[in-house]
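User: I have a model open and would like to go through some of its local features. Could we begin with the loops?

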Amino acid sequence: MSKKNQTLGEFIIENQSSFKYTSGELSRLINSIRLAAKVVNHEVNKAGLVDIIGAAGETNIQGEDQQKLDVYANDKFIQTLTNRNIVCGIASEEEDDFIVVNSQDENHQNKYVVLIDPLDGSSNIDVNVSVGTIFSVYRRVTPVGTPVTIEDFLQKGSEQVAAGYVVYGTSTMIVYTTGDGVNGFTLNPAIGTFYLSHPNMEFPEDGKIYSVNEGNYIHFPLGIKKYIKYCQEEEGDRPYTSRYIGSLVSDFHRNMIKGGIYMYPKSSKNSNGKLRLLYECNPMAFLAEQANGKASDGFERIMDIQPTELHQRVPFLCGSKNMVEKAEEFMREYS
Ligand code: AHM
Ligand code: MG
């Protein structure tokens, strides 16, 4: 039974027995993410103070400039997960290929792979706007004790065992699910402890906020254009409010609390949108469904899409159920 003010550590222990597989491995994994989140939080918080912001001079596989903090967060999460020897593989938005953990040790029994976007929305850091970490956990499909292969990572979102995000905002929170609802924990920075502050988070079924980069309007598919016009029409509880931070984790977090829809559709410039299926859309879709919301590519459930490559992109509509369904209706009608 979750209690407000419970610490994340206590919550993990108390809920361990409700996991499908109770070896404690998943608990250790979540604990490691908690630890890495604190370290990254500390660094993100001082971004304005030290000369750490700015491009690190490298580009990631998507051809985007990496900020220094992306690299830092990437290293910290990977180090924490590998040093503690709790996973058998890691894939990161910032790495070209997946990482095999324990490749030399034939006796390792680790069952889980982690997929991570270490610092999403990092272009917001130098203007003091919230960023986030997104993670997703799967059980490997290849035999335990062997090196992981690409198959272990290219699983449908519906196979996720856990997913969550850390939002480095006005306060820092971890929000995650292990398939039994969504809970949010807020960091007390004075003592470095996360407390259960948002038990059983749920999207309101209807919402009044739409979040989309309307600067790309001209390039959007007709269905999305019509849906945006619908959001702006004066009728019933419309027009809705437009809110777009440009930081998926923060936009999602707000919409889950207040009710809303986030959209990153395909466009005539990006035929699959911008967001990555494995690092961004699947974990957010799992959280959304666990919180009574919905996630789709406009036609199909996100978590039913069979991934074909690690860095695959996909159009993304996510949020309050009735809003996502309405947007899908427009997509069907005008496709
Ligand atoms: P990133 O992984 O390179 O940070 O990109 C993902 C981010 C999301 O957090 C955000 O919602 C979106 O990109 C914003 O994109 P745009 O500036 O095109 O609206
Ligand atoms: Mg990202």
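User: Where does Pro239 sit?

Analyst: Pro239 is placed in the loop between helix 5 and strand 12. Helices (H or I, at least four residues) and strands (E, at least two) are DSSP runs, numbered from the N terminus. This is a predicted model, in which local features need pLDDT of at least 70 and side-chain atom pairs count only at pLDDT 80 or more, while totals for chains, interfaces and linings use all residues. Residues are numbered from 1 along each chain as its sequence is written, chains are lettered from A and ligands numbered from 1 in the order in which they are written, and side-chain values use heavy atoms, with hydrogens and water left out.

User: Which form does the peptide bond from Arg238 to Pro239 take, cis or trans?

Analyst: That bond is cis, with omega near 5 degrees. In general, most peptide bonds are trans.

User: What else is in that loop, for instance Asp237?

Analyst: Asp237 also lies between helix 5 (222-232) and strand 12 (241-242). Asp237 is partly exposed, because its relative accessible area is 41%; buried means under 20%, exposed over 50%, and partly exposed in between (1.4 Å probe, protein chains only).

User: Which residues form the negative surface patch?

Analyst: The patch is formed by Glu202, Glu205, Asp206 and Asp237. Patches are made of residues with over 30% relative accessible area and no salt bridge, with like charges joined within 9 Å and nonpolar side chains (Val, Leu, Ile, Met, Phe, Trp, Tyr) within 5 Å. A salt bridge is a side-chain nitrogen of Lys or Arg within 4 Å of a carboxyl oxygen of Asp or Glu.

User: Which residues make the nonpolar patch?

Analyst: Val127, Val129 and Ile245 make a nonpolar surface patch of about 210 Å². Accessible areas come from the Shrake-Rupley method with a 1.4 Å probe, and for residues only the protein chains shown count as cover. Val129 belongs to the loop between strand 5 and strand 6.

User: What about Asn128: is it buried or exposed?

Analyst: Asn128 is exposed, because its relative accessible area is 74%. Asn128 lies in the loop between strand 5 and strand 6 (131-139) and has a positive phi of about 60 degrees although it is not a glycine.

User: And where is Asn200?

Analyst: Asn200 is in the loop between strand 10 and strand 11 (209-211). Asn200 has a positive phi of about 45 degrees, again without being a glycine, and is exposed, with a relative accessible area of 52%.

User: Changing topic, what is the strand order in the open sheet of 8 strands?

Analyst: The order is 4-3-5-6-7-8-9-10, with mixed pairing. Strand 4 (99-100) and strand 10 (193-198) are the edge strands, each pairing on one side only. Two strands pair if DSSP finds at least two bridges between them.

User: How many residues of strand 9 are buried?

Analyst: Strand 9 (residues 182-188) is mostly covered, with 6 of its 7 residues buried. Strand 8 (residues 172-177) pairs with strand 9 in the antiparallel sense over 5 bridges, and Tyr176 has Asn183 as its bridge partner in strand 9. Strand 9 and strand 10 are likewise antiparallel over 5 bridges, with Phe185 opposite Leu196 in strand 10.

User: Which glycine is in the turn between strand 9 and strand 10?

Analyst: Gly192 is in that turn and has a positive phi of about 70 degrees; the hairpin has 4 residues between the strands.

How values were computed
Lys, Arg positive; Asp, Glu negative; His and termini not counted. Charge placed at Lys NZ, Arg CZ, Asp CG, Glu CD.
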